[in-house]
Amino acid sequence: MKRVKNEKSKLKDSPEENGVHTNQYSSISPPASPEAQENAFSTYFEDKVPIPESVNQSFSFRKLWAFTGPGFLMSIAYLDPGNIESDLQSGAKAGFKLLWVLLVSTIIGLLLQRLAARLGVVTGMHLAEVCNRQYPTVPRIILWLMVELAIIGSDMQEVIGCAIALNLLSVGRIPLWAGVLITITDTFVFLFLDKYGLRKLEAFFGFLITVMGLSFGYEYVLVKPDQGELLKGMFLPYCAGCGPVQLEQAVGVVGAVIMPHNIYLHSALVKSREVDRKNKKEVKEANKYFFIESSIALFVSFLINVFVVAVFAEAFYDKTNIEVSEKCNASGIPHTNVFPYNNDTLEVDIYKGGVVLGCVFGPAALYIWAIGILAAGQSSTMTGTYSGQFVMEGFLNLRWSRFARVLLTRSIAITPTLLVAIFQDVRHLTGMNDFLNVLQSMQLPFALIPILTFTSMTSIMNDFANALWWKISGGVVILVVCAINVYFVVVYVTSLNSVLLYVFAALLSVAYLCFVGYLAWYCLIALGVSCLDFGSRMQTGLSRPIDIYLLNDMDTDALVER
């Protein structure tokens, strides 16, 4: 009882340290014991980037440059091969009409990434670590497994994207399975670039983003899309003459852009900057610069995505297989037998997309496309590996060597990818990609609900907790995004035409909805729906808000160490 009173007094009274108002958020990270310091480990930020001083400046480009890095690494998830494939299919199936969906999805993604960055800056812990301290053991393990599934699904798309790019560049000489092995090997090499300095690693990611911009920008300039139709499709939220195919594609765009593991990743990456969390001014400043940097990074990623949509909207919208097949046969380039000789509407993926560009615009277009896909796959594979490490370390509190952690997280994600590459043909991967998109869509609540929950709790965020309008708008956005993705899952399952699969999906749905409901219950209490706060009273025997209960749980490790 005495401890509860102490916690309440902490929330009411914030001491001053060196004349600076010190907030509760400055003390929620577990203090480092001597033993922990001796066995300290890190994945991405062994040396934190110092932030330059600026006196009486509301904005400093030097400070913005110091904070630049995490947002661009985060933005790579918006440019992975799964996103590129969604972009080209959007252009081929709906022309320019779904560009506004891409724009809205990117803006929603920015707002969600803002929450992730704020959690990492304010608490000094990333989302997986906070989940580990907040949720009981069984829900925590289930949550970890769900996020791992999302990472595996994303990683399969990324690694196979690299393998497809290598297959195109080698004119089919490098088979899919060999491309996967090459990607795994060079990913291990590139991941240890941070040993030479964090900024060098971030510069390497910047180089890969530049390669993507130049590659897909070249295709854009080559095709010369109609700028009037492009602007109309981007800013007019309407889809004239659209049917079920275009609706499903619009849902697919949302699912491809907003990825669950990216929320966990971004909340960890922001810890790489030196920010005194006891100083409210520094925390506020860090939040501001990280948001500006994320906005710039996602604007760049949005432009690159627009390049891809516009190229396929201008050149291949409403085209048939027979039209493309005839052009391919006339061009004489390799891979000409990938399109059936019929009048069905053209269906493309990142492999067929490269082939069709080569058929219509020459071999240079094909190889430059493959270089862009390789850069997208390689960069996203690396950030996916970081996501896997952060998630596993945070949820399971691992204290392994760095190599062991990389090897384990890579093995979990790569094993199913290698099996697919061995037994699947490069020309028939569209069905697998649809399944992986559905898999990731199902995992979205397991990132979006926790991030809204914890950033709304004053015991964790104190002065930086979400305001009322953020709680309402965030809740509505997450509800809409999850509803859209549930629709996407339902459409996919109903297209399978199997009673056995329907029964299996129904059983899974019951368990899935129960767990989502559990997370939503916690979230609603954090948002202020106090009438639901009966669970914390049952667990603690006290009539007090759930955020105090969870803060007590968060401090348990510290008390044990003391």
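Predicted model: local features only at pLDDT ≥ 70, side-chain atom pairs only at ≥ 80, totals over all residues.

1. Let me start with helix α12 (residues 244-257) and helix α22 (residues 468-494). Their axes come within 9 Å and cross at roughly 125°. The two helices are therefore oblique to each other, and the crossing of α12 past α22 is left-handed.

2. Which residues make that contact? On the α12 side they are Leu-247, Glu-248, Val-251, Gly-252, Val-254 and Gly-255, and these meet Ile-484, Asn-485, Tyr-487, Phe-488 and Val-491 of α22. Sorted by type, the contact holds 7 nonpolar, 3 polar and 1 charged residue.

3. Helix α20 (residues 445-455) is worth a look for its burial. Here 11 of the 11 residues are buried, so the helix is largely enclosed by the rest of the structure. Among the buried residues are Pro-445 and Pro-450, the aromatic side chains of Phe-446 and Phe-454, and also Thr-453 and Thr-455.

4. On to charged pairs. Side chains of opposite charge can pair when their charged atoms come close. The count for this model is 5 salt bridges, and I pick out some of them in the next points.

5. Arg-199, Glu-202 and Arg-273 are linked in a network of salt bridges. Within it, Glu-202 meets Arg-199 with an N to O distance of 3.0 Å. Both residues belong to helix α10 (residues 198-223), where a spacing of 3 residues separates them by about one helical turn. Glu-202 has 7% relative accessibility and counts as buried, whereas Arg-199 is partly exposed, with a relative accessible area of 29%.

6. Glu-202 also forms a salt bridge with Arg-273, and here the closest N and O atoms are 2.9 Å apart. Arg-273 sits in the loop between α13 (260-269) and α14 (280-316) while Glu-202 is in α10, so this pair ties together parts that are 71 residues apart in sequence. Both Glu-202 and Arg-273 are buried.

7. Where does Lys-280 find its salt-bridge partner? The partner is Asp-463, with the closest N and O atoms 3.0 Å apart. Lys-280 lies in helix α14 and Asp-463 in the loop between α21 (458-461) and α22, so the pair joins parts that are 183 residues apart in sequence. Lys-280 is partly exposed, at a relative accessible area of 33%, and Asp-463 is partly exposed too, at 40% relative accessibility.

Terms used
Residues numbered from 1 in each chain as written. Heavy atoms only, no water. Axes fitted to C-alpha atoms, helices over the stretch in contact; angles between N-to-C directions. Helix = DSSP H or I, 4+ residues; strand = E, 2+ residues; numbered from the N terminus. Parallel < 35°, antiparallel > 145°, perpendicular 65-115°, else oblique. Left-handed = near helix turned anticlockwise from the far one by under 90°. Contact = heavy atoms within 4.5 Å. Nonpolar A, V, L, I, M, F, W, Y, C, P; charged D, E, K, R; others polar. Buried < 20%, exposed > 50% of the residue type's maximum accessible area, 1.4 Å probe, protein only. Salt bridge = Lys/Arg side-chain N within 4 Å of Asp/Glu carboxyl O.
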